Amino acid sequence: MKLVCVDDLVGNEILALPVVSESEVVLIHSGTVLKQEYIDKLKDLQLNKIYVEDEDIDNVNRESQPKSEGLHIYKIEETKKDTEQIVQRVLERHIYKHNKDLREIGEAADRIMSTVLSEPEVISNITEIRNISTDMYTHCINVCALSTIMALRLKMSEKQVHNVAFGAILHDIGLRYIQVPYINLNEEDMSEKEALEYKKHTIYGYSSLQDEEWISDTSKEIILFHHERIDGLGYPFCHKGDKLRLEVKLVSVCDEFDALISGIGKKKLKIYEAIEYIKVHAGDIFDANIAAKLLESVAVYPVGINVITNEGEKGVVVRQNKDALERPVIKMLVHSDGTLYSKPVEKNLMEYLTVFIVDTE
């Protein structure tokens with residue numbers, strides 16, 4: 001493996017480590033044979049250097065390398081980035097019940113839904129999500145995109161998907177109307193007064209939109225009920241699961257997952273910790289069927305993330321095992337004694353059964 005300048009690429013090089021976007025999403029997977037279109041995209045992304053396989057090591061046969069999985073997720077990432085700017089611009093100047101500009105956010109939800117619908121591979125592939133520093137605006141976009149993908153995986157109707165997208169992108173609009181800290185902070189760690197005020201964001205959000213005819217009743221319920229729990233211990237009305245629409249329960253799971261990894265109203269966790277939280281609380285906080293679908297869809301250790309094994313070695317995840325997301329394929333980088341691997345070595349954890357990941361970096 002060696003570091004090369006993008007300007008020096010001539011084509012046919014083999015990518016050694018995945019290329020990720022600024023928002024930590026994989027654009028080109030490791031093992032991809034770089035064609036000119038990919039080199040052009042790297043330049044468009046203003047990437048200066050990448051890691052490629054050293055062609056002198058192990059007589060690598062390029063023809064045997066896995067075919068590129070392409071840039072299919074770049075379109076949804078580009079859409080998310082564009083809509084994030086719209087959401088932030090609109091909400092930063094938004095005043096309670098002055099909702100004319102909020103239609104723009106609805107149009108942004110439509111664009112996300114249309115992008116997902118136009119890219120069936122996004123629906124069928126494993127979703128790669130990473131911990132990133134974020135804010136309420138990015139959180140709303142992430143929840144909208146994930147909820148839309150999950151709604152399609154659950155085979156909801158087009159109308160249901162539309163309602164999910166609209167409700168998800170506006171689910172936390174009530175946070176604009178409160179004045180208490182909630183970033184990287186659990187409700188339990190807030191003062192009693194702060195926690196009470198924070199919990200009002202669901203009611204504020206709903207009441208600001210309840211008279212608007214351009215948003216459906218289902219989407220309004222998502223805004224009002226996304227913190228309700230299946231066991232009836234949520235808020236604002238302690239509704240149990242049988243009183244909540246499927247669309248509400250879906251967005252609740254996606255919201256909680258993204259909140260856990262982004263720190264919106266939650267203490268920020270690592271991806272695998274957030275997944276374990278969802279797994280533990282499936283059936284009490286979350287609808288069990290929806291939680292199960294999320295858990296089988298989201299990578300525990302996303303491609304491109306650095307990991308540490310129980311043997312004290314370090315590596316980077318390069319591929320997923322679809323039927324065992326907790327046991328990916330790792331490109332080894334550092335031995336347990338701290339020395340670097342001199343040759344490219346991959347460990348498929350479905351084959352190295354005594355090796356497992358204990359932490360991420």
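A residue is called buried here when its relative accessible area is under 20%, exposed when that area is over 50%, and partly exposed in between, as computed with a 1.4 Å probe on protein chains only. The model is predicted, so local features need pLDDT of at least 70 and side-chain atom pairs count only at pLDDT 80 or more, while totals for chains, interfaces and linings use all residues. Residues are numbered from 1 along each chain as its sequence is written, and side-chain values use heavy atoms, with hydrogens and water left out.

Threonine 79 lies in helix 2 (residues 74-92), where helices (H or I, at least four residues) and strands (E, at least two) are DSSP runs numbered from the N terminus. Because its relative accessibility is 12%, threonine 79 counts as buried. Apart from its neighbours within four places in sequence, threonine 79 is in contact (heavy atoms within 4.5 Å) with Arg111, Ile112 and Thr115.

The whole structure holds 4 aromatic pairs, a pair being rings of Phe, Tyr or Trp (its six-membered ring) with centres within 6.5 Å, stacked if the planes are under 30 degrees apart, edge-to-face if over 60 and tilted for the rest. Among them, tyrosine 182 and tyrosine 198 have ring centres 6.1 Å apart and planes at 40 degrees, so this pair is tilted. The pair links distant parts of the chain, 16 residues apart, with tyrosine 182 in the loop between helix 6 (158-169) and helix 7 (192-199) and tyrosine 198 in helix 7. Tyrosine 182 counts as buried at 13% relative accessibility, and tyrosine 198 is buried at 2%.

Tyrosine 272 and tyrosine 301 form a tilted aromatic pair, with 5.8 Å from centre to centre and 35 degrees between the planes; both residues are buried.
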